[in-house]
Amino acid sequence: MTTTTMTAVPEWHDVDAQTFATIQASYQPAILRGFVRHWPSVRLGQGAPEDICNYLIACDSGAEVDALLAPAAEKGRLFYQNDMNGFNFARRKLPVSAVIEQLARYSQFAAPPSVAVQSALIDECLPRFAQENVLPLLDAAVRPRIWLGNTITTPAHFDESNNIACVVAGKRRFTLFPPEQVANLYIGPLDFAPTPTPISMVDFNAPDFERFPRFREALANALVADLAPGDALYIPTLWWHHVQSTGILNILVNYWWRTSSGASPFESLVSCMQNLRELPPEQRKAWAAMFAHYVFDGEVDPGAHIPEHKRGVLAKVRP
């Protein structure tokens, strides 16, 4: 996939809490250059692969994490099997040290299988790492997660939470799309995906424009971010992002946090689909007006004309 015509994600340097609040308010992705360059792990990650690997092994608590293994023929792309009855990788539970041993062994292969640890809670599997590599900008309750592997491509998907992704070792390319591009990304099943949320069915490295013609429009609205060790990327909730890492070793730490509590909006979407999609067109239109008034129109308070003590679910949510 060519990125020569894509717009680069805006870059920020020396980001502090006040600057980050400005970034969040924009609801746009942002590259935070050198954001975690002070981490001990990043300094080791810029040296020989053995340096950072030995550090991780020394930090390993022995707790098992989810480890993925995909055949070399898949070229690192985590996806479905051809019949879509399963996924093109196997899952195992292993400690981080065992995964590093796999990566070291496969680094000698001309065409290695793809290995990945994804979304493992660092305070459980690498507690010393969590203590020595801290991001004070976020609340201490936001628990960091580690992503570790070789050549891996995660198809475009979204997160229900805000996300800061920090590169510790290797290089990563993120290709991002605003939420309104959903119709042009050809999303797969909502309730069966290799990631926690649905993925784009388009192979970004070899897009089939006959099958997915609207993907050209998505590319015209794409942003690209290339990250090196010490860099981070802020991804607002619901922004689609395709993630590509290459080489024998890549390590990323990310932080997810939500700005609201309550039920998952994605689960609400699925529930609405199940209850509303089969209604006659005129009723769907009527419900669209109802949702617009009560949920999506931020300019009007639908309960302002009701005495405050009787607004019930229309009362403003308190922290």
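**Exercise 1. Overall dimensions**

What radius of gyration would a compact globule with 319 residues have, and what does the protein chain have?

*Solution.* Before starting, note that this is a predicted model: local features need pLDDT of at least 70, side-chain atom pairs count only at pLDDT 80 or more, and totals for chains, interfaces and linings use all residues. Residues are numbered from 1 along each chain as its sequence is written, and side-chain values use heavy atoms, with hydrogens and water left out.

Step 1. The radius of gyration is taken over C-alpha atoms, and the globule rule is 2.2 Å times the number of residues to the power 0.38.

Step 2. For 319 residues the rule gives a value near 20 Å, and the protein chain has 21 Å, so the two agree.

Step 3. The C-alpha trace spans about 65 × 45 × 40 Å along its principal axes.

Step 4. Helices (H or I, at least four residues) and strands (E, at least two) are DSSP runs, numbered from the N terminus.

Step 5. Contact means heavy atoms within 4.5 Å. Among contacts between residues at least 6 apart in sequence, 79% join residues at least 24 apart.

**Exercise 2. The nonpolar cores**

Find which residues touch the most other members of the largest nonpolar core.

*Solution.* Step 1. Start with burial: buried means under 20% relative accessible area, exposed over 50%, and partly exposed in between (1.4 Å probe, protein chains only). By that rule, 44% of the 319 residues of the protein chain count as buried.

Step 1. A nonpolar core is a set of buried Ala, Val, Leu, Ile, Met, Phe, Trp, Tyr and Cys residues joined through side-chain atoms within 4.5 Å.

Step 2. The largest such core holds 45 residues, and Trp39, Leu56, Leu126, Phe129, Leu148, Ile164 and Ile251 touch the most other members.

Step 3. Take Leu56 as a worked case: not counting residues up to four places away in sequence, Leu56 touches Ile100, Leu126, Phe129, Ile146, Leu148 and Ile251.

Step 4. There is also a second, separate core of 28 residues, which includes Phe89, Ala156, Phe204 and Phe212.

**Exercise 3. The largest pocket**

Describe the lining of the largest pocket by position, secondary structure and residue class.

*Solution.* Step 1. On a 1 Å grid over the protein atoms alone, a cavity is a set of points where a 1.4 Å probe fits but cannot get out, and a pocket is an open set with protein on both sides within 12 Å along at least five of seven lines; lining residues have an atom within 4 Å of a point.

Step 1. Grid points are joined across faces, edges and corners, and a volume is the space filled by probe spheres set on the points. The largest pocket has about 1100 Å³ of space.

Step 2. Its lining has 33 residues, with Leu238, Pro265, Phe266, Leu269 and Phe296 nearest the centre.

Step 3. At least two lining residues come from each of β12 (240-257), α8 (265-276) and α9 (281-296); α8 gives the most, with 7 residues.

Step 4. Ala, Val, Leu, Ile, Met, Phe, Trp, Tyr, Cys and Pro count as nonpolar, Asp, Glu, Lys and Arg as charged, and the others, Gly among them, as polar. The lining then divides into 20 nonpolar, 8 polar and 5 charged residues.

**Exercise 4. The cavity and Ala67**

Which residues line the largest cavity?

*Solution.* Step 1. The count is 1 cavity of 30 Å³ or more, and the largest cavity has a volume of about 40 Å³.

Step 1. The residues lining the largest cavity are Ala67, Leu68, Leu69, Arg92, Leu94 and Gln102. Strand β4 (64-70) and strand β5 (90-95) each supply at least two of the lining residues, and β4 gives the most, with 3.

Step 2. By class, this lining has 4 nonpolar, 1 polar and 1 charged residues.

Step 3. Zoom in on Ala67, found in strand β4. Ala67 counts as buried because its relative accessibility is 5%.

Step 4. Leaving aside neighbours within four places in sequence, Ala67 is in contact with Ala90, Arg91, Arg92, Leu94, Val99 and Ala116.

**Exercise 5. Positive phi angles**

Locate Asp14 and decide whether Asp14 is buried or exposed.

*Solution.* Step 1. Most residues other than glycine have a negative phi. Asp14 has a positive phi of about 50° although it is not a glycine.

Step 1. Asp14 lies in the loop between β2 (11-13) and α1 (17-26), and Asp14 is exposed, with a relative accessible area of 61%.

Step 2. For a second case, turn to Ser119, in strand β6 (residues 114-121): Ser119 has a positive phi of about 65° and is not a glycine.
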